Amino acid sequence: LLGQSVYFVGVERWLREWGRERVMVVPAEELQGARQPEVVLSIYRFLGLCDYNTSNLPRLHSTKMRIDEAHKITEGTRQLLREFFEPINRRLYDVLGRDL
């Protein structure tokens with residue numbers, strides 16, 4: 001299950017096959033906040049599409065999810081996940097040449 005979250009493997013393959021100049025990686029968090037219109041416009045430009053008024057885009061994930069107490073992860077589990085993903089995320093940042 002956690003293997004699906006090891007993004008650097010796919011990103012390395014895409015960069016090798018397509019080249020850095022033809023691959024754009026956009027963290028989902030950048031599409032969720034006040035910067036969403038700016039980020040979407042940068043994607044359009046990367047794809048060579050004409051500029052588009054992105055100021056009226058519907059907000060993605062604008063409402064907070066409510067998670068039942070019984071389904072929340074414990075702080076111990078959260079820490080284990082942080083420790084597990086820390087070297088994996090560092091590798092992704094190295095591949096991308098930037099921290100997300």
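A nonpolar core is taken here as a set of buried Ala, Val, Leu, Ile, Met, Phe, Trp, Tyr and Cys residues joined through side-chain atoms within 4.5 Å, where buried means under 20% relative accessible area, exposed means over 50%, and partly exposed lies in between (1.4 Å probe, protein chains only). The structure is a predicted model, in which local features need pLDDT of at least 70 and side-chain atom pairs count only at pLDDT 80 or more, whereas totals for chains, interfaces and linings use all residues. Residues are numbered from 1 along each chain as its sequence is written, and side-chain values use heavy atoms, with hydrogens and water left out.

The largest nonpolar core comprises ten residues, namely Val6, Phe8, Val11, Leu15, Val23, Phe85, Ile88, Leu92, Val95 and Leu96. Helices H1 and H3 each supply at least two residues of this core, and H3 gives the most, with five residues; helices are DSSP runs (H or I, at least four residues), numbered from the N terminus.

The axes of H1 (residues 7-18) and H3 (residues 75-96) come within 9 Å and cross at roughly 15°, the axes being lines fitted to C-alpha atoms over the stretch in contact, with angles that run from 0 to 180 degrees between N-to-C directions. The two helices H1 and H3 are therefore roughly parallel to each other, a term that applies to angles under 35 degrees. The contact (heavy atoms within 4.5 Å) involves Tyr7, Phe8, Val11, Glu12 and Leu15 on the H1 side, and Ile88, Arg91, Leu92, Val95 and Leu96 on the H3 side. By class, the residues of this contact divide into eight nonpolar, no polar and two charged, where Ala, Val, Leu, Ile, Met, Phe, Trp, Tyr, Cys and Pro count as nonpolar, Asp, Glu, Lys and Arg as charged, and the others, Gly among them, as polar.

Phe8, found in helix H1, is buried, with a relative accessible area of 14%. When neighbours within four places in sequence are left aside, Phe8 is in contact with Ile88, Arg91, Leu92 and Val95, while Ile88, not counting residues up to four places away in sequence, touches Val6 and Phe8.

Elsewhere in the chain, helix H2 (residues 36-46) has Gln36, Pro37, Val39, Val40 and Leu41 as its buried residues, and just after H2, Gly48 takes a positive phi of about 80°. Glu21, located in the loop between H1 and H2, counts as exposed at 62% relative accessibility.

How values were computed:
Angles under 35 degrees count as roughly parallel, over 145 as roughly antiparallel, 65 to 115 as roughly perpendicular and the rest as oblique.
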